[in-house]
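Trainee: Could we go through this model together? I would like to know what stands behind the words we use for it.
Mentor: Gladly, let us have a look.

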Amino acid sequence: MPFIDVSLGTGRTPEQIRRLIHELTEAAQRAVGAPLANIRVVVREIPPTHWAAGDVTIAERGAGTPPAP
């Protein structure tokens with residue numbers, strides 16, 4: 001049973017999230033031949049204040065502010 005867990009920043013429309021689920025499901029079916037009913041997809045939307053790279057959050061990067069000490 002393929003289990004696909006996606007984390008991405010907030011801001012997508014429900015239609016975009018639904019399309020992502022559809023495309024990931026089809027890709028998993030093509031790649032490993034799993035039945036559609038056995039493919040699980042979870043999409044987690046992360047607020048920009050809760051995601052960082054190099055100690056700079058997405059919110060800080062978007063605002064152009066330096067990271068907190």
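Trainee: What share of the contacts in the chain between residues at least 6 apart in sequence joins residues at least 24 apart?
Mentor: This is a predicted model, and in it 56% of those contacts join residues at least 24 apart. A pair counts as a contact because its heavy atoms lie within 4.5 Å.

Trainee: How do you know how the radius of gyration of the chain stands against that of a compact globule?
Mentor: A compact globule of 69 residues would come to near 11 Å, whereas the chain has 16 Å. Along the principal axes, the C-alpha atoms fill a box of roughly 50 × 25 × 15 Å.

Trainee: What makes up the secondary structure of the chain?
Mentor: There are 2 helices and 4 strands, and along the sequence they follow the pattern β-α-β-β-β-α. D55 sits in the loop between β3 (52-53) and β4 (56-57).

Trainee: What percentage of the residues in the chain is buried?
Mentor: Buried residues make up 17% of the 69 residues; the word applies under 20% relative accessible area. The chain exposes about 5,000 Å², and carbon and sulfur atoms supply 58% of that area.

Notes:
Residues are numbered from 1 along each chain as its sequence is written. This is a predicted model: local features need pLDDT of at least 70, side-chain atom pairs count only at pLDDT 80 or more; totals for chains, interfaces and linings use all residues. Side-chain values use heavy atoms; hydrogens and water are left out. The radius of gyration is taken over C-alpha atoms; the globule rule is 2.2 Å times the number of residues to the power 0.38. Buried means under 20% relative accessible area, exposed over 50%, partly exposed in between (1.4 Å probe, protein chains only). Accessible areas come from the Shrake-Rupley method with a 1.4 Å probe; for residues, only the protein chains shown count as cover.
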